Amino acid sequence: MSWWETDDDEDEPEFDESDVRVRPNPKGNRPRTKVRPEYAQAITARVLGVDRGRYTVMVGENTDDEHEVTAARARELRKQAIVTGDRVDLVGDTTGDDGTLSRIVRIQPRTTLLRRSADDTDAVERVVVANADQMLIVVAAANPEPRIRLVDRYLVAAFDAGITPMLCVTKTDVADPAEFLANFAGLDLRVFTSRQDAMPLAEITDALTGHDTVFVGHSGVGKSTLVNALIPGSDRATGVVNTVTGRGRHTSSSTVSLRLPEGDGWVIDTPGVRSFGLGHVNPDNILRAFTDLAAVAEECPRGCTHLPDAPDCAINEAVEAGELGESGPARLDSLQRLLLTFRS
Ligand SMILES: Nc1nc2c(ncn2[C@@H]2O[C@H](COP(=O)(O)OP(=O)(O)OP(=O)(O)O)[C@@H](O)[C@H]2O)c(=O)[nH]1
Ligand SMILES: [Zn+2]
């Protein structure tokens, strides 16, 4: 079961940063590389993008010395994935002058890690983006048709990673998204609605300010159009949607970091990811995103699934007894739908 139930995988964009397969590491993702004394002078940088083994990184962020540098990975990092959003330590020539190459010697501990597995039964995960604290899920009201299940999968990936999701529905000039949005009423989910001739740019910019936000969405939903409007000059290629299939051409093909015009905040734009398995997801992380329900679940029997058929589930009982208020049933529904997303 893959994130996208489409059959045209041949032209799936390459995710070069996800080619490195990493084993799930219960101890976290802290690199085990010994700190070598000669790296005491290493400086910290933000990975902006990855292209064929070369990393574009930013050093001196928010200082007078801020500049971009091209870097390669040190051999001792072996196969550890270095992805967009990583904070890394650099040695060597960090001037960023033409033709220079510096070396990444360490990956700093990550605050969050958005990951995917090949499919829902695969425990081997690939990392997509590091250190994002927000996810903007972009979905079109029509052309292509919005899919609840797809948004659920993005939500699960975000909650699992400890990333706060938000939703932007584009193309509201084409269709009314109310019915679609009703499916998410049980979630604490900030929702923006947008149409090309009236994009809520100030509102979205405000939500992005001070954050690192990963943008995700199916190809053709208008994500590049939105990114270009939020960040003039970012030059995200926009494609033409095939009116028969509703699918876009895959015009944006690598993950990049873009800075908000005012400087305080980053957009990490991912290409239309079509296989985003959730084999690695821990159900406890999903429950944790529903703080009110998680508190009730303390009373659940050990190993409770919290699904409708779970015996003596405290959440199910509390909702039935009306103890979780008017929104209780909708919240429980949302939780159960998300829990089922990666159990099927
Ligand atoms: N009617 C309408 N069309 C839109 C809107 N936003 C974007 N589009 C059109 O939808 C098509 C796809 O937009 P893109 O911005 O390229 O979509 P994308 O999600 O970035 O797709 P890829 O670049 O293929 O990943 C383009 O023809 C846009 O002009 C909107 O709000 N309303
Ligand atoms: Zn339960």
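I looked up the record first: an unreviewed UniProt entry lists Cys300, Cys304, His306 and Cys313 under "binding site".

Ground rules next. This is a predicted model, where local features need pLDDT of at least 70 and side-chain atom pairs count only at pLDDT 80 or more, while totals for chains, interfaces and linings use all residues. Residues are numbered from 1 along each chain as its sequence is written, with chains lettered from A and ligands numbered from 1 in the order in which they are written.

Where is Cys300? I found Cys300 in the loop between helix 6 (291–297) and helix 7 (314–320); helices are DSSP runs of H or I, at least four residues, numbered from the N terminus. Cys304 sits in the loop between helix 6 and helix 7 too.

Cys300 counts as partly exposed because it has 19 C-beta neighbours inside 10 Å. Cys304 is also partly exposed, with 17 such neighbours inside 10 Å. (Buried means 20 or more other C-beta atoms within 10 Å of a residue's own, exposed means 12 or fewer, partly exposed is in between, and C-beta atoms are placed from the backbone.)

Contacts came last (C-beta atoms, placed from the backbone, within 7 Å). Leaving out residues up to four places away in sequence, Cys300 touches His306, Cys313, Ala314 and Ile315. With that exclusion, Cys304 touches Ala310 and Cys313.

Definitions and conventions:
UniProt positions renumbered as here; feature names shortened; annotations may be inferred. Helix = DSSP H or I, 4+ residues; strand = E, 2+ residues; numbered from the N terminus. Contact = placed C-beta atoms within 7 Å.
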